[in-house]
Amino acid sequence: MATFLNLLIVGLATGAIYALIALGYTMVYGIIELINFAHGDIFTLGTFVTIAILSMLGVTAANPPSTMSWVLVSELALACIGSFLFCAVLGVLIERVAYRPLRNAPRLAPLISAIGVSLVLQDVGKLWFGNTNVSFVSLPIGSVQMGPVNVDVINIFVLVVAIILMAGLQLLVTRTRIGRAMRAVAQDRDAAALMGVNVNLIIGVTFFIGAGLAGAAAFIYSLKFPNTYFYLGFEQGLIAFTAAVLGGIGNLVGAMFGGLIIGLIYSLVTLIPATVLPHGGNAWNKAVIFAILILILVFRPSGLFGQNTPEKV
Amino acid sequence: MLRLVDVNTYYGPSHVLQNISLEVEKGEIVCLLGANAAGKTTTMKTIFGLARASSGTINFNDQQIERKLTGDIVKSGLALVPEARRIFQRMTVRENLEMGAYTRANKQEIAADMNYVCEIFPRLRERLKQIAGTMSGGEQQMLAMGRAMMSRPKMICMDEPSMGLSPKLVETVFDTILRIRDEGMTIFLVEQNASMALNLADRGYVLQTGKIVLSDTAKNLLTNDLVRQAYLGS
């Protein structure tokens, strides 16, 4: 029972990271109907930027901090904001250079362009940190006893940060003028232009926020997991993309719940014993996730949250 | 107030608008008649920069607008009620009206105008919180008109406001057009419902396969043989 509860919490924390990445896929799809294949690689570069910023501040994996202090917390906050901004600006640049010129081209053209950008970003990452695993800083925070379960504090921290970011996004999209403009462009681009909305600017803002969330996700990923490498975002991105499709691509709330559900499945699959599946569930979690992707695409392509919910961006 | 001179527009290789010239004076209701595919909607799209004129000039309020961004054209005081309404289906009625006032900042003025729009269309006031896409076609048309008025335009263009509506609703829409004209609005109307449009308008133009073939007062057009045969069915 304790194992199960622990996997539940780990699954929720992992799922929250997937949800943050999935939001970027779903926002971009909602507004220009493009699957941004470079999104996962933006996430990878976010993990590298997090490491770079922390090492500039003297916090490195080789020399990890021994106690938590307010200085360390502010250094972490700086890394989070830095990763957010770096990825956000990168997202805007990619849209400007690789997608906007192809906006009226056949749909296959921007898709191929996106795959191209993905490969370029992977090579940039390889050039920067090499073809090897790069360790994150491990933080000196332990675990707390919650009833029968011994919970790593980091999982709670990950969940809290992710929930704050998602709530902020939801407020932005539903309550502000710019959020209303984003929804308007997603629903009918020409009609939005007729209201005086600068459509290019709003598409840029969407990329800024979507890619920025991947940057924030990269930061919290660096706290929870041991290491990164240049190919990390490609895999994690595909899993997050599955989450976006599960929730209904284009739907924000769908991406949030899709991420959490995928995280839970990923985590709970490890309970399957080796007597049922060869080598146990741990060896199968990616296979299960992508089997789910295929099942959704075949049986319910509009996802769990359908298309008629009002919060599409 | 609005003047098109020798405007040409292409969709790929097809020459949709051929040397279109027309004019709308302040305070007028002017209608543009034409069959399907004559180029009526393209005329509207070209005025608003949603399709680009390859040559010719478009003047609004003494400003050249044919190279401007759609948003800037709207800010200069021109509003469009687009064909098929194009309301934001998954937003509430209130949010749709707020989108109409997107270019404006003064909250009190916006609230006052929303009140004014709700006075003209009482149905909208009852439904401010409803998701717009769940309303009937007539209600959606009223919302599209109210949304255009929320930018406080000097002139409104309407693309087939009667399309898909019952005769009774068409009458309501046309009564509203007269009412807002009487309150000082200039209106450019594209219509297939020629008899209703001509009874309402001061002047009219007839568009045939991309060319203006007739231009006269609405009164004269109503008795013109070509118009009677082609558009009034008698």
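In this predicted model, helix H2 (residues 39-56) of chain A packs against helix H3 (residues 70-99) of chain A at an angle of about 145 degrees, the two axes lying 9 Å apart. The crossing of H2(A) and H3(A) is right-handed. On the side of H2(A), the contact is made by A:Ile42, A:Leu45, A:Gly46, A:Val49, A:Thr50, A:Ile53 and A:Leu54, while H3(A) contributes A:Glu75, A:Leu78, A:Ala79, A:Gly82, A:Ser83, A:Phe86, A:Cys87, A:Leu90 and A:Gly91. By class, the residues of this contact of H2(A) with H3(A) comprise ten nonpolar, five polar and one charged.

The largest nonpolar core holds 162 residues, and the members that touch the most others are A:Ala19, A:Leu20, A:Val185 and A:Ala217. Helix H1 (residues 2-32) of chain A gives the most to this core, namely 17 residues. When neighbours within four places in sequence are left aside, A:Ala217 is in contact with A:Ile17, A:Leu20, A:Ile21 and A:Phe43.

Between the chains, the contact draws 21 residues from chain B and 16 residues from chain A. On the side of chain B that touches chain A, the elements giving two or more residues are helix H2 (70-75) and helix H3 (93-100) of chain B. That side of chain B divides by class into ten nonpolar, six polar and five charged residues.

The two class compositions are set out below.

Key:
Residues numbered from 1 in each chain as written. Chains lettered and ligands numbered in written order. Predicted model: local features only at pLDDT ≥ 70, side-chain atom pairs only at ≥ 80, totals over all residues. Axes fitted to C-alpha atoms, helices over the stretch in contact; angles between N-to-C directions. Helix = DSSP H or I, 4+ residues; strand = E, 2+ residues; numbered from the N terminus. Left-handed = near helix turned anticlockwise from the far one by under 90°. Contact = placed C-beta atoms within 7 Å. Nonpolar A, V, L, I, M, F, W, Y, C, P; charged D, E, K, R; others polar. Core = buried A, V, L, I, M, F, W, Y, C linked by C-beta atoms within 7 Å. Buried ≥ 20, exposed ≤ 12 C-beta atoms within 10 Å, placed from the backbone.
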